[in-house]
Amino acid sequence: MGTTGTPTNLTQGSRTSGGIGESTLRPDGTLKVTGDFAYSSDMWHEDMLWGHILRSPVAHAEIVSIDTSEALAQPGVYAVMTYDDLPTDVRNYGLEIQDTPVLANGRVRHHGEPVAIVAADHPETARRAAAKIRVEYRELPVVTDEASATAPDAPVLHPGRADHHAPHVPHPNIVHRQPILRGDVAEARRRADVIVEGEYVFGMQDQAFLGPESGLAVPAEDGGVDLYIATQWLHADLRQIAPVLGLPEDKVRMTLAGVGGAFGGREDLSMQIHACLLALRTGKPVKIVYNRFESFFGHVHRHPARLYYEHGATRDGKLTHLKARIVLDGGAYASSSPAVVGNAASLGAGPYVVDNVDIEAVALYTNNPPCGAMRGFGAVQACFAYEAQMDKLAAKLGMDPVEFRQLNAMEQGSLMPTGQVVDSPAPVAELLRRVKAMPMPPERQWVTTEGADVRQLPGGLSNTTHGEGVVRGVGYAVGIKNVGFSEGFDDYSTARVRMEVVGGEPVATVHTAMAEVGQGGVTVHAQIARTELGVTQVTIQPADTQVGSAGSTSASRQTYVTGGAVKNACELVREKVLEIGRRKFGSSHPAWATAELLLEGGKVVTDGGEALADLADVLEGEAVEVEEVWRHRPTEPFDLRTGQGFGHVQYSFAAHRAVVEVDTELGLVKVIELACAQDVGKALNPLSVVGQIQGGTTQGLGMAVMEEIVVDPKTAKVRNPSFTDYLIPTILDTPTIPVDVLELADEHAPYGLRGVGEAPTLSSTPAVLAAIRAATGLALDRTPVRPEHLTGTA
Amino acid sequence: MDFLRPARWEEALAAKAEHLTAVPIAGGTDVMVEINFDHRRPEYLLDLNRIGELGEWEVGEDTVRLGASVPYTRIMEHLRAELPGLALASHTVASPQIRNRGGVGGNLGTASPAGDAHPALLAAGAEVEVESVRGSRRIPIDEFYTGVKRNALAPDELIRAIHIKKADGPQQYSKVGTRNAMVIAVCAFGLALHPETRTIRTGIGSAAPTPIRAQAAEEFLNAALDEGGFWDNGKIITPSVAKQFADLCAAACNPIDDVRGTASYRRHAVGVMARRTLTWTWESYRGTEPTAFRKGSAA
């Protein structure tokens with residue numbers, strides 16, 4: 001492990017070159033770096049029209065009337081559609097609850113909600129035509145927080161709810177409620193020597209992917225449509241799109257277009273249905289590309305949250321109990337709020353052993369922007385709160401914050417508050433030990449013989465300090481994230497693998513519907529195929545709906561689940577190849593019948609390493625193909641009353657140490673270093689693993705010190721929908737991120753691997769906040785922290 | 001939208017006279033943002049990029065005549081000694097790509113209170129050379145900013161150059177943003193010592209409807225330096241004087257609460273920057289302080 005974050009000593013997994021355990025390079029990497037990669041926004045089709053969406057300028061209103069006549073009369077305009085033009089009775093969509101109107105039906109519930117769509121021969125023509133649609137709004141009062149949403153006279157955002165959460169929620173403006181009850185909190189509270197309480201606020205973060213929503217819908221001669229789209233989950237899109245269009249699913253053929261990042265923000269639909277509707281209406285290809293402004297309204301964000309925590313501990317530092325209430329703002333539509341609630345509740349105690357737990361998590365319906373999936377998914381908000389609590393407890397007990405955490409850290413065999421036994425390695429104490437043991441970055445690095453190097457100081461080249469007011473702080477945090485879809489969801493994936501001889505060489509072809517959103521899945525699939533099939537040449541087919549679902553590229557699950565499906569399909573292919581080999585050459589060597597046979601280096605070999613035949617000869621004149629669904633072990637829903645249940649298939653853990661320097665007078669922060677230690681089970685591609693950890697760490701840093709969608713509490717309107725005012729870290733904000741990777745195998749997972757992508761996003765934010773608290777002595781109960789919070793000028 | 005592309009300055013003036021609503025564009029780093037955000041849809045864009053002289057500068061005896069389109073990168077590279085405050089301000093503008101395109105003329109044309117160059121121009125002392133088919137005139141920088149995103153230009157006038165006083169003493173510039181690069185100012189502060197006239201000048205950005213000078217603070221400090229003989233004896237400025245100067249700078253602000261920061265924070269931060277930049281420039285004047293790391297950041 002060096003300052004570049006490149007891990008060493010990771011195991012090598014394969015005797016075939018380019019297999020798992022090697023840092024093979026991504027096939028899309030060079031193209032992306034040089035600007036040659038075709039993103040979804042780069043697509044073009046002859047005779048193509050441009051779609052544009054008219055969005056609500058207000059957060060909550062009744063639509064009194066819509067007049068599209070002037071817009072339709074514009075030269076170059078081919079179609080204008082509103083709710084009344086939708087072709088079937090299916091006019092809503094949604095990942096779990098179909099509560100989101102394709103186009104507003106007499107009422108808008110959030111700022112930026114789609115009201116009408118236009119197709120024209122030029123994007124500017126479409127935009128201008130949309131501006132000529134006359135919509136009369138009668139504004140309604142907005143609900144923006146728990147108090148206003150659950151007030152006795154609160155407007156009910158979705159009257160007549162019939163979803164499966166409706167029966168158990170205490171108010172119709174609560175999407176879902178999940179309690180987790182274990183032990184006896186009242187009794188444990190009496191035993192506690194110290195009790196700390198806190199109320200924490202977590203702001204609304206945006207995924208801020210760089211490639212805005214875009215896609216191209218091409219009408220087909222059979223009455224269907226071909227959709228080229230940047231998404232996270234082709235088949236979930238398909239399931240939602242086809243019924244609205246009134247088409248069978250096989251007539252909506254979807255192909256993944258180049259995806260410029262996702263982070264959860266493409267799990268919900270954006271312009272998919274709109275482009276298809278316009279293409280089918282006009283009979284012409286229709287392209288839609290959001291600009292950055294529209295993108296802020298075009299996808300769900302991370303749930304902002306208020307979290308109320310009470311922990312108790314004995315004098316010797318053992319946690320006695322946890323009572324917590326987590327209120328997540330889901331905004332106007334459900335999206336994945338129910339699952340976010342399940343995560344926040346079940347992971348709300350963090351990676352600690354607490355025997356007495358009373359947690360309640362709810363998600364609200366409000367008129368704020370809809371919130372849904374984002375990297376960390378409910379676990380992020382909780383981690384911010386419980387880690388602040390750990391520091392408070394340690395301080396109150398006079399203990400070292402790392403030692404206090406280690407004393408209470410869960411390990412393999414520990415019980416979750418859900419009653420689930422953690423049945424694979426949970427090296428929480430070890431991860432903390434490792435980040436603490438890393439060498440500290442030198443102090444006062446800005447001091448040079450020529451004066452202050454402002455690049456090393458808070459404010460950087462803005463030249464706000466030459467060292468005045470600058471105080472260093474160090475903070476620690478650790479988190480727990482589930483991997484894969486939980487609570488009984490049938491979280492399967494499909495892979496089709498083909499093996500044949502091309503040009504005298506054995507070649508494997510892997511076809512899945514996995515969305516490559518930058519995570520490196522296509523790299524890993526090729527590595528798996530090489531490892532299992534002993535070939536060098538692997539072709540990765542474009543992801544589309546001509547093969548079964550690969551599930552979502554989210555929940556840190558793709559290497560586990562689709563990787564598992566590819567591995568499984570490869571194993572089945574291998575069996576068939578060996579059958580062919582036995583048929584063709586079995587008589588030539590007794591080992592064909594008796595030995596354990598492998599495919600390595602283009603040959604069939606015995607487990608002793610003796611080569612029996614060239615794969616090219618075995619496969620001559622034959623092709624083997626398998627398409628197979630693969631599932632991880634099943635989970636079960638949490639009990640609605642107690643939250644008990646085997647809810648999660650796997651857990652992942654990461655710990656951070658943050659070193660910050662704060663200009664305490666100006667409230668400006670420079671994060672000097674964010675060291676991370678994470679257990680990944682098995683690093684299939686060590687370079688990609690480190691990239692994921694550094695990326696997740698940086699996204700967490702953004703949440704700590706700058707990233708927040710600001711919503712006006714009076715109007716529920718978004719105040720900063722741009723990269724001018726929604727700030728994400730630049731390279732000058734991104735510190736050195738040394739990474740220490742552990743590989744403790746999970747025996748339940750393919751290759752023992754553990755999902756990587758999300759865990760570092762959890763602990764990064766609270767570690768930075770802890771470091772800022774250490775530097776300033778301030779309590780800081782909200783994130784992101786802004787200069788006014790550090791200078792008493794909020 | 002029509003795109004006018006004059007090849008020479010006179011043609012540009014004629015085009016502007018003919019199309020008073022035409023929006024001049026050079027680097028485009030302000031104008032294109034406004035167009036992309038749909039904040040304005042000008043009938044005409046007047047492209048000044050073919051007029052080479054706008055990208056040139058001349059160093060005279062007392063002033064630098066800076067062409068309106070000289071990119072910030074050039075100012076940083078070539079004019080650090082003559083215009084240290086503006087060079088520091090230039091370094092805080094956005095990203096290298098934008099600094100390669102944008103220039104001070106655009107900052108003045110937009111006249112946003114958040115423009116990075118303004119506090120440095122106010123502190124150094126400058127005149128804006130503007131011209132129309134009717135003739136040429138020079139507008140003192142103190143009279144240039146007339147309101148939020150409004151300036152003293154007549155509808156037919158274009159900015160040709162900025163005449164900035166060459167530094168005769170140390171200058172400093174600080175800008176607060178909520179990230180360490182590529183950020184619009186929450187507030188900014190420029191300070192220039194003018195030993196020749198034994199005066200100091202200030203400039204404040206993003207803390208009032210227009211860029212402003214802290215007049216009362218300047219008068220207070222000029223008097224205090226004078227009375228104490230500081231210009232001659234080079235003594236350390238007493239903390240109480242520095243504090244009062246900082247307080248007066250903060251009091252000169254008339255900021256708003258917005259999504260980038262609170263009014264209260266802006267006032268506070270201007271005070272901190274005023275105190276620090278006074279310390280840096282004065283220490284530099286006394287000759288005891290090593291200059292900040294980058295060449296030319298202090299005289």
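Some conventions to start. Residues are numbered from 1 along each chain as its sequence is written, and chains are lettered from A and ligands numbered from 1 in the order in which they are written. Since the model is predicted, local features need pLDDT of at least 70, side-chain atom pairs count only at pLDDT 80 or more, and totals for chains, interfaces and linings use all residues.

Confidence next. The predictor gives the complex an ipTM of 0.95 and a pTM of 0.96. Two residues are in contact if their C-beta atoms, placed from the backbone, lie within 7 Å. Where pLDDT is low, the predicted coordinates should not be read in detail.

Now chain A. It has 19 helices and 33 strands; these are DSSP runs, helices being H or I of at least four residues and strands E of at least two, numbered from the N terminus. The radius of gyration of chain A is 27 Å, close to the 28 Å from the globule rule for 794 residues, so chain A is as compact as a globular protein of that length. That radius is taken over C-alpha atoms, and the rule is 2.2 Å times the number of residues to the power 0.38. The C-alpha trace of chain A spans about 80 × 70 × 65 Å along its principal axes. Of the 794 residues in chain A, 60% are buried. Buried means 20 or more other C-beta atoms within 10 Å of the residue's own, exposed means 12 or fewer, and partly exposed is in between, with C-beta atoms placed from the backbone.

The domain assignment, whose bounds come from an automatic or database source, gives chain A domain 1 (29-37 + 492-631) and domain 2 (40-140 + 212-259 + 266-298). Their C-alpha centres lie 39 Å apart. Between them, 15 residues of domain 1 of chain A are in contact with 14 residues of domain 2 of chain A.

How many residues does each chain bring to the contact between A and B? Chain A gives 38 and chain B gives 33. On the chain A side, the elements with two or more residues are β21 (451-452), β31 (668-679) and α19. Of these, α19(A) gives the most, with 3 residues.

A few backbone details. Most residues other than glycine have a negative phi, and most peptide bonds are trans. A cis peptide bond joins Thr783(A) and Pro784(A), with omega about 0 degrees. Pro784(A) sits in the loop between β33 (782-783) and α19 (787-791) of chain A. Phe263(A) has a positive phi, near 60 degrees, and lies in the loop between β13 (252-256) and α7 (272-282) of chain A. Is Phe263(A) buried or exposed? Phe263(A) counts as buried because it has 29 C-beta neighbours inside 10 Å. Lys149(B), also not a glycine, has a positive phi of about 55 degrees. Lys149(B) is in the loop between β8 (145-147) and β9 (150-151) of chain B, and counts as partly exposed, with 16 C-beta neighbours inside 10 Å.
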